[in-house]
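The sequence and the structure come first.

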Amino acid sequence: MVATATLIPGFADPVFDAQSSFRAAMDALSRPGTIQQIGCPLTPPKGLSAASAALMLTLCDYDTPVYLSAALAQGAVPGWLGFHAGAKVTSDKSNSAFAFFDKSSPLPAFSQFSQGTQDYPDRSTTIVLEVASLEGGARLSLSGPGIKGANEISPVGLPATFLDQWRANRALFPRGIDLILTCGNRLIGLPRTVNIKALEV
Amino acid sequence: MTALADYNFAYLDEQTKRMIRRAILKAIAIPGYQVPFASREMPMPYGWGTGGVQVTAAILGPHDVLKVIDQGADDTTNAVSIRAFFQKVADVAVTTKTSEATIIQTRHRIPEETLGENQVLVYQVPIPEPLRFLEPRETETRQMHALEEYGLMHVKLYEDIARHGRIATTYAYPVKVAGRYVMDPSPTPKFDNPKMNQSAALQLFGAGREKRIYAVPPYTDVVSLDFEDHPFEVQTFEKPCALCGARHVYLDEVVLDDKGGRMFVCSDTDYCETRREEGQRGEMLADMKEAAE
Ligand SMILES: [Zn+2]
């Protein structure tokens with residue numbers, strides 16, 4: 001299992017690919033709703049989008065317990081993540097620094113993840129969720145820090161309860177989870193500060 | 001500098017960069033909150049902006065163009081050293097032109113030229129905790145931030161007014177970020193506080209000795225604390241810049257001779273030079289021109 005996983009390469013250039021991928025993540029979270037792109041080529045293990053894979057290699061290591069969706073936990077991802085990033089997989093959502101979901105697995109309630117404490121709101125889970133598409137779905141209006149006026153996104157594949165869950169998450173501020181949506185090599189950042197509401201069709 | 005012989009791109013090892021990068025993302029998600037991070041030893045003393053240097057090193061890439069200022073100038077010892085450091089360890093392009101830079105590392109000033117969306121401003125911060133002078137204990141200040149207990153801060157500012165007839169604090173004037181956290185923009189002059197509000201650029205703050213990183217995302221409300229009967233005011237200068245004639249900019253006093261002669265000039269040297277290149281002339285240069293004729 002591990003032997004086959006190690007055959008899938010990580011970043012071709014670990015230093016510069018991690019740097020450019022980080023800048024995509026930084027731009028995504030500081031300008032919520034903008035679609036950012038991973039600039040380096042990367043062949044992800046089966047079940048993972050290239051953007052989710054790049055974020056794993058860029059942000060995860062021995063210090064960050066990683067929760068994986070059931071489908072990801074059963075495939076090549078744990079071995080790949082361990083080999084290239086040295087990160088440990090945890091089955092405890094509430095103790096995870098990062099949680100990765102493929103587009104087929106159900107997304108658990110945000111409240112099951114770490115939301116940080118009032119003293120240390122940074123000790124929270126960042127959820128990376130692959131969706132069917134970042135565009136073409138129901139229109140959502142975004143406002144908050146990082147956004148001039150309002151911004152609009154239309155991802156496809158968010159759970160039906162998403163808006164209610166997000167509203168509850170937003171109300172916890174400064175606690176709360178941060179969310180990154182990925183599809184292919186592109187991503188959208190939704191930090192806990194962002195207000196999201198459905199636009200009338 | 002022989003210790004630098006064997007270093008990674010931008011000096012920091014990849015694990016340290018990951019740790020700092022994670023802290024930066026949390027800082028962006030919780031505007032104004034001070035994220036603890038494991039600050040590393042840098043090949044320069046604390047007080048030389050090691051926090052800002054670590055933030056810059058963690059975000060910097062081969063396509064960036066770096067500008068470093070101390071006060072408003074690119075040519076002071078501190079700015080020159082940090083710029084040379086990044087040229088050496090990252091072979092990065094550098095500039096003194098604000099408009100050309102993608103990353104601007106600063107101590108004290110925010111450039112006069114309005115920053116854009118493609119720019120990141122990195123502040124070197126000595127003391128990140130705005131409540132520290134009221135309360136020396138970290139556990140207490142953390143609790144005050146957690147509970148949003150900023151009453152003491154307001155009392156202190158009001159006492160300032162009672163004593164001086166105005167708020168005497170001119171540097172590190174506290175602000176409230178996105179309506180929640182009180183933040184120290186230290187040690188920038190309060191003249192620059194309004195530039196932080198709704199800036200198109202991302203603003204990152206690094207405190208090396210105190211091991212804190214915090215951020216103001218673009219287009220975020222940054223409000224200087226004040227009172228209805230004593231609204232926040234920035235310094236005003238009686239005369240425009242003696243060299244370029246600019247008004248509504250931050251001026252430094254320059255002593256001209258030992259007979260008390262002095263002039264006030266832009267603290268932002270790039271701004272002043274650019275204006276003069278465009279043909280703008282202040283009082284001092286107009287005098288010299290007349291004298292030459
Ligand atoms: Zn001037």
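Both B:Cys241 and B:Cys244 are buried, where buried means under 20% relative accessible area, exposed over 50% and partly exposed in between, with a 1.4 Å probe and protein chains only. The model is a predicted one, in which local features need pLDDT of at least 70, side-chain atom pairs count only at pLDDT 80 or more, and totals for chains, interfaces and linings use all residues. Residues are numbered from 1 along each chain as its sequence is written, chains are lettered from A and ligands numbered from 1 in the order in which they are written, and side-chain values use heavy atoms, with hydrogens and water left out.

Grid points are joined across faces, edges and corners, and each volume is the space filled by probe spheres set on the points.

| Pocket | Volume | Lining by class |
|---|---|---|
| Largest pocket | about 540 Å³ | 13 nonpolar, six polar and six charged residues |
| Second largest pocket | about 410 Å³ | six nonpolar, 11 polar and five charged residues |

In these classes Ala, Val, Leu, Ile, Met, Phe, Trp, Tyr, Cys and Pro count as nonpolar, Asp, Glu, Lys and Arg as charged, and the others, Gly among them, as polar.

The largest pocket has 25 lining residues, and nearest its centre lie A:Ala97, A:Asp122, A:Arg123, B:Arg22 and B:Lys26. α1(B) gives the most to this lining, with six residues. In the second largest pocket, the largest share of the lining comes from α2(A), with seven residues. Helices (H or I, at least four residues) and strands (E, at least two) are DSSP runs numbered from the N terminus.

Chain A contains six helices and 10 strands, and its C-alpha trace spans about 50 × 35 × 30 Å along the principal axes. Its radius of gyration, taken over C-alpha atoms, is 16 Å, which agrees with the value near 17 Å that a compact globule of 201 residues would have; the globule rule is 2.2 Å times the number of residues to the power 0.38. Of the 201 residues in chain A, 54% are buried.

Some backbone features lie in loops. The peptide bond from A:Phe173 to A:Pro174 is cis, with omega near 10 degrees, and A:Pro174 belongs to the loop between α6 (162-171) and β8 (178-183) of chain A. B:Ala178, although not a glycine, has a positive phi of about 50 degrees and counts as partly exposed because its relative accessibility is 35%. B:Tyr219, also not a glycine, has a positive phi of about 50 degrees, and B:Tyr219 is buried, with a relative accessible area of 10%.

Conventions:
1 Å grid on protein atoms, 1.4 Å probe; cavity = no way out; pocket = protein on both sides within 12 Å on 5 of 7 lines; lining within 4 Å.
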